[in-house]
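Open the model in your viewer and keep the selection tool at hand. This tour tells you what to select next and what is there.

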Amino acid sequence: MTVDFRSDTMTRPTPEMLDAMMKARVGDDVFGEDPTINELESLTAGMFGMEAALYCPSGTMTNQIAIKCHTQPADEVICDESSHVYQYEGGGIAFNSGASVKLLHGDRGRITAQQVKEAINPDDPHRASSRLVCLENTSNRGGGSCYDFSEIKKIKQVCIDDNLSFHLDGARLWNALVEKKETPKQYGEIFDSISVCLSKSLGCPVGSLLLGKKDFIKKARRVRKVFGGGMRQAGFLAAAGIYALQNNIERLKEDHANARRIATAIANKTYVKQVLPVETNIIIFELNDTIPAPAWVAAFKEKNILGYAIAPNRVRLVVHLDISNEMVIKTIQEIENFK
Ligand SMILES: *Cc1c(COP(=O)(O)O)cnc(C)c1O
């Protein structure tokens with residue numbers, strides 16, 4: 001039994017999900033004729049109370065399309081320094097949109113309205129035009145931290161006052177919704193665009209959606225084609241998404257509870273300097289000088305427990321759909337037995 005905590009992208013479709021995929025009705029989505037994709041897009045838009053949605057192969061693509069649609073070259077994007085859009089999308093903001101980035105030092109990936117306010121450039125030809133604010137909820141590098149919704153509302157007010165667009169990278173928004181007992185509609189009311197992933201905690205093999213107003217999504221559909229993301233009979237994949245939205249959201253609570261159980265076991269070890277607060281499904285812990293993170297990861301790999309060294313002294317474990325109770329028990333036992 002291999003226990004794979006490297007990422008919540010490591011899930012395999014369940015027999016029920018595969019069954020839904022095999023039964024999908026399909027057509028050519030570039031012609032707008034795939035009934036299953038159309039259904040997934042309207043289902044998701046409806047959940048968020050937003051006008052329209054666009055199905056894409058990845059969260060990188062939905063984020064990059066959103067940034068492209070919100071900005072012109074030489075505009076500036078404001079985000080946290082650890083943001084996925086900046087750190088893990090291959091320099092896409094520069095490559096795809098020709099935009100510059102103003103990085104803020106947030107609290108575990110979360111920035112404040114005050115920071116955003118101070119980061120907006122004056123209307124001066126020397127300066128890039130501040131154009132877009134991107135938030136990430138939950139924050140990946142922040143260890144699955146969740147925003148306080150009242151802060152999001154304050155940031156929205158800054159965006160309104162200064163005429164900035166507001167995008168949410170909600171790759172793991174589902175985890176935040178379940179943990180904080182929030183609703184998709186709350187988010188749909190605030191953001192100009194939202195990107196959500198189906199391939200992370202919800203267990204789909206691929207897929208992300210970009211949400212926004214009708215005109216915005218019309219433009220986004222054009223950019224998706226330019227980016228090479230126009231797929232044909234991808235309804236087979238979208239069917240997995242519909243299945244996941246209907247079956248795999250509420251159960252995220254179990255992942256969060258399992259993450260807390262594992263974090264408690266880790267926090268007891270003398271070689272652990274600190275465990276970041278576990279708010280959702282991600283555990284990040286810092287080791288002291290007695291053991292480097294790659295050595296911890298290698299030692300647990302021998303026990304068929306896979307983690308990820310995200311820094312020389314930091315390990316990340318991500319709990320997901322394919323982590324069973326039995327695996328959690330095995331992991332806790334191995335943690336207790338190790339040193
Ligand atoms: C995974 C992730 C994405 C999208 O990644 P893809 O692998 O391109 O689907 C975007 N934002 C965050 C915060 C992520 O963790």
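Before the first stop, one term is needed: helices (H or I, at least four residues) and strands (E, at least two) are DSSP runs, numbered from the N terminus. Keep in mind that this is a predicted model.

**Stop 1: a loop residue**

Select N163. It is found in the loop between α7 and β6 (165-170). Is N163 buried or exposed? N163 has a relative accessible area of 60%, so it counts as exposed, the cut-off being over 50%. Now check its backbone. Phi of N163 is about 60°, a positive value, although N163 is not a glycine.

**Stop 2: the whole chain**

Zoom out. The protein chain has 14 helices and 13 strands. Its C-alpha trace spans about 55 × 55 × 35 Å along the principal axes. What radius of gyration would a compact globule with 339 residues have? The value would be near 20 Å, and the protein chain agrees, with 20 Å.

Colour the chain by burial. Of the 339 residues, 56% are buried. The protein chain exposes about 14600 Å², and carbon and sulfur atoms supply 51% of that area. Residues 24 or more positions apart account for 74% of them.

**Stop 3: two packed helices**

Two packed helices are described by the angle between their axes and the distance between the axes. Select helix α3 (residues 59-70) and helix α10 (residues 214-226). They pack at an angle of about 115°. Their axes are 9 Å apart. The crossing of α3 past α10 is right-handed.

Which residues of α3 meet α10? Show the side chains of M61, I65, A66, K68, C69 and H70 in α3. On the α10 side, show F216, K219, A220, V223 and R224. By class, this contact has seven nonpolar, one polar and three charged residues.

**Stop 4: an enclosed helix**

Go to helix α8 (residues 173-180). Six of its eight residues are buried, so the helix is largely enclosed by the rest of the structure. Pick out the buried residues: L173, W174, N175, A176, L177 and V178.

What covers the buried residues of α8? The cover includes the helices α2, α9 (184-190), α11 (235-247) and α12 (252-267). It also includes the strands β6 and β7 (193-197). Then step past the end of α8 to K181, which follows it. Phi of K181 is positive, near 50°.

**Stop 5: a threonine in α2**

Helix α2 was part of that cover. Select T44, which sits in α2 (residues 35-48). T44 has a relative accessible area of 0%, so it is buried. Which residues is T44 in contact with, leaving aside its neighbours within four places in sequence? They are V196, L209, L211 and L245.

**Stop 6: a cis peptide bond**

Find the peptide bond from N137 to T138. Is it cis or trans? It is cis, with omega near 0°. T138 belongs to the loop between β5 (129-136) and α7 (149-161).

**Stop 7: a valine in a strand**

Select V315 in strand β13 (residues 314-318). V315 counts as buried because its relative accessibility is 0%. V315 and V275 are 40 residues apart in sequence, and their C-alpha atoms are 9.6 Å apart in space.

Show what V315 touches, not counting residues up to four places away in sequence. I283, I284, F285 and L287 are among the residues it touches.

**Stop 8: a lysine in a loop**

Select K303, in the loop between α13 (293-301) and β11 (305-306). K303 has 24% relative accessibility, so it counts as partly exposed. K330 is 27 residues away from K303 in sequence, with 9.7 Å between the C-alpha atoms. Leaving aside neighbours within four places in sequence, K303 is in contact with K330, E334 and F338.

**Last stop: after the last element named here**

Where is K339? Select the segment after α14 (325-337), and K339 is there. K339 is exposed, with a relative accessible area of 62%. Its phi is near 60°, a positive value in a residue other than glycine.

Key
Residues are numbered from 1 along each chain as its sequence is written. This is a predicted model: local features need pLDDT of at least 70, side-chain atom pairs count only at pLDDT 80 or more; totals for chains, interfaces and linings use all residues. Side-chain values use heavy atoms; hydrogens and water are left out. Axes are lines fitted to C-alpha atoms, for helices over the stretch in contact, and angles run from 0 to 180 degrees between N-to-C directions. A crossing is left-handed if the near helix is turned anticlockwise from the far one by less than a right angle, and right-handed if clockwise. Contact means heavy atoms within 4.5 Å. Ala, Val, Leu, Ile, Met, Phe, Trp, Tyr, Cys and Pro count as nonpolar, Asp, Glu, Lys and Arg as charged, and the others, Gly among them, as polar. The radius of gyration is taken over C-alpha atoms; the globule rule is 2.2 Å times the number of residues to the power 0.38. Buried means under 20% relative accessible area, exposed over 50%, partly exposed in between (1.4 Å probe, protein chains only). Accessible areas come from the Shrake-Rupley method with a 1.4 Å probe; for residues, only the protein chains shown count as cover.
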